[in-house]
Amino acid sequence: MPRLVLTTSLLIALAAPAASAQQTNLTPAATTPGDGRIYPETQLRWYSRDGADDVLELNQRLSYGFGGKSAAFLEVPYDFDEGVGDARLGFKHRFLQLDIGSVDTLRVAAFGGLELPTGTDAISTDSVDPFLGAVITSIRGRFGWNAAATLYSTGDNAPITRGPLDVEGELVKLDGSVAWRVDPVEYGADFVAATYLVLDTNAYLGGSDNTEVWMSPGLLYEAPDFALELSLLLPLSQDVAGRPERDYGVLVGLRLLF
Amino acid sequence: MKKLILLAAALLAACASPMDNTSAEASANQSYSSSYTLTVKGMSCPNCANNITHELKGLTGVEYVQIDMGAGKVTVHSNSTLPDVFLLEESVRSAGFTPVRDGEK
């Protein structure tokens with residue numbers, strides 16, 4: 001069953017480039033803030049765990065746009081029980097952009113960076129760890145798709161903690177998402193906000209004892225200068241050792257555009 | 001968990017609230033001495049339009065930017081001299097989108 005789920009997730013991710021999306025709640029997009037714009041994003045995630053205390057996490061991300069095609073970003077996770085986690089400092093560059101209609105577009109970006117040992121002892125890998133990935137975003141009318149693959153490498157001293165990205169060794173994360181604009185059906189001359197139904201599929205493939213697949217239906221409300229996110233986090237498969245499985249979770253998020 | 005539910009409810013309530021377009025409507029109803037319309041591709045979301053508006057309003061002379069996302073049209077208005085069209089197009093590119101001249105695909 002886990003293999004079937006993983007294969008399905010992979011197929012969704014691979015199929016995405018053929019279709020067309022906004023940045024959904026849990027999947028990267030090949031989009032960047034405009035030149036000189038600052039884009040803070042905050043996500044609060046609550047998880048219920050099997051036979052263990054609930055987990056409440058806050059993820060802060062700050063992006064800064066360069067030249068319309070590039071962005072630098074800083075991501076700082078916070079665990080309400082353990083404290084600050086390891087920060088990620090990265091750079092994203094969009095190297096392909098095919099704007100094929102007033103709304104329709106196909107974009108491809110690469111990103112990479114370093115995870116810095118800024119976290120508290122309990123949740124830090126205590127090493128500078130690289131990550132590298134690529135993402136495709138396609139939007140066609142009311143439908144959008146994103147597909148991303150990221151390779152994370154973690155040092156040998158990593159403790160087995162709460163999340164799949166903290167376990168030592170290499171891990172591939174595959175993200176696939178779809179967004180459907182439910183309102184407005186058509187953009188008009190009025191400057192309006194948009195509401196999307198979104199579905200994110202996120203697979204953490206770190207070998208035996210560190211594999212998780214999640215599917216998260218949600219809502220995304222996007223106004224010109226902010227966006228609100230709400231998702232239900234549902235595990236499809238968990239093969240984890242040394243940490244409790246998560247039963248389900250809830251995500252609420254806020255993005256601002258300055 | 002209760003706090004999370006309350007926060008989620010507040011977010012949903014915010015989603016349901018209509019946007020305040022009062023200032024935008026006021027600007028749209030003003031008359032301007034000069035205007036220029038650009039065709040722009042790839043404006044797929046409200047954030048995208050915001051990026052374009054911000055870039056164009058940073059140019060000297062641009063007083064109001066009107067965007068029709070469905071038609072892919074961006075109109076800049078001014079009561080003084082508008083910037084050169086090349087500057088307008090460059091600003092659209094800096095925002096991350098593609099300006100198209102008449103006759104281009």
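Strand β2 (residues 64-68) and β3 of chain B pair in the antiparallel sense over 5 bridges, where two strands count as paired if DSSP finds at least two bridges between them. Strands here are DSSP runs of E with at least two residues, helices are runs of H or I with at least four, and both are numbered from the N terminus. This is a predicted model, in which local features need pLDDT of at least 70 and side-chain atom pairs count only at pLDDT 80 or more, while totals for chains, interfaces and linings use all residues. Residues are numbered from 1 along each chain as its sequence is written, and chains are lettered from A and ligands numbered from 1 in the order in which they are written.

**The sheet of chain B**

- Val65(B) stands opposite Val76(B) in β3(B), and β2(B) and β3(B) form a hairpin with 4 residues between them. In that turn, Gly72(B) has a positive phi of about 70°.
- β3(B) (residues 73-78) also pairs with β1(B) (residues 34-41), in the antiparallel sense and over 6 bridges. Thr37(B) has Thr75(B) as its bridge partner in β3(B).
- On to β4(B): 3 bridges join this strand to β1(B), and the two run antiparallel. Here Lys41(B) is partnered by Thr98(B).
- Put together, 4 strands of chain B form an open antiparallel sheet in the order β2-β3-β1-β4. The edge strands are β2 and β4 (98-100), each pairing on one side only.
- The twist averages 35° from one strand to the next; axes are lines fitted to C-alpha atoms, for helices over the stretch in contact, and angles run from 0 to 180 degrees between N-to-C directions.

**Helices that pack on that sheet**

- Helix α3 (residues 46-57) of chain B packs on the sheet and touches β1, β2 and β3 of chain B. Its direction makes about 155° with that of β2(B).
- Helix α4 (residues 85-94) of chain B lies across β1, β3 and β4 of chain B, running at about 40° to β1(B).
- The buried residues of α4(B) are Leu88(B), Ser91(B), Val92(B) and Ser94(B). A residue is buried if 20 or more other C-beta atoms lie within 10 Å of its own, exposed if 12 or fewer, and partly exposed in between, with C-beta atoms placed from the backbone.
- Seen down the axis of α4(B), these buried residues fall within an arc of 160°, so they line one face of the helix; the arc is that of the directions from the helix axis to the C-beta atoms.
- The buried residues of α4(B) pack against β1, α3, β3 and β4 of chain B, and two residues are in contact if their C-beta atoms, placed from the backbone, lie within 7 Å.
- After α4(B) comes Gly96(B), whose phi is positive, near 105°.

**The nonpolar core**

- The largest nonpolar core has 59 residues. Such a core is a set of buried Ala, Val, Leu, Ile, Met, Phe, Trp, Tyr and Cys residues joined through C-beta atoms within 7 Å.
- Val135(A), Val40(B), Met43(B), Ile52(B), Val74(B), Val92(B) and Phe97(B) touch the most other members.
- Leaving aside neighbours within four places in sequence, Val74(B) is in contact with Thr37(B), Leu38(B), Val40(B), Ile52(B), Val65(B), Ile67(B) and Val92(B).

**Chain A and its strands**

- Chain A has 1 helix and 13 strands, and 48% of its 258 residues count as buried.
- β9(A) (residues 169-183) is joined to β10(A) by 11 bridges, and these strands run antiparallel. β10(A) and β11(A) are antiparallel too, over 12 bridges.
- β10(A) and β11(A) form a hairpin with 4 residues between them, and Gly207(A) in the turn has a positive phi of about 80°. Asp200(A) stands opposite Ser216(A) in β11(A).
- Leu199(A), in strand β10 of chain A, is the bridge partner of Val178(A). Leu199(A) is partly exposed, with 19 other C-beta atoms within 10 Å.
- Not counting residues up to four places away in sequence, Leu199(A) touches Ser177(A), Val178(A) and Pro217(A).

**Where the chains meet**

- The contact takes 37 residues from chain A and 35 residues from chain B.
- β1 (38-49), β10 (194-205), β11 (210-222), β12 (226-240) and β13 (246-256) of chain A each supply at least two residues of the side of chain A that touches chain B. β12(A) gives the most to that side, with 3 residues.
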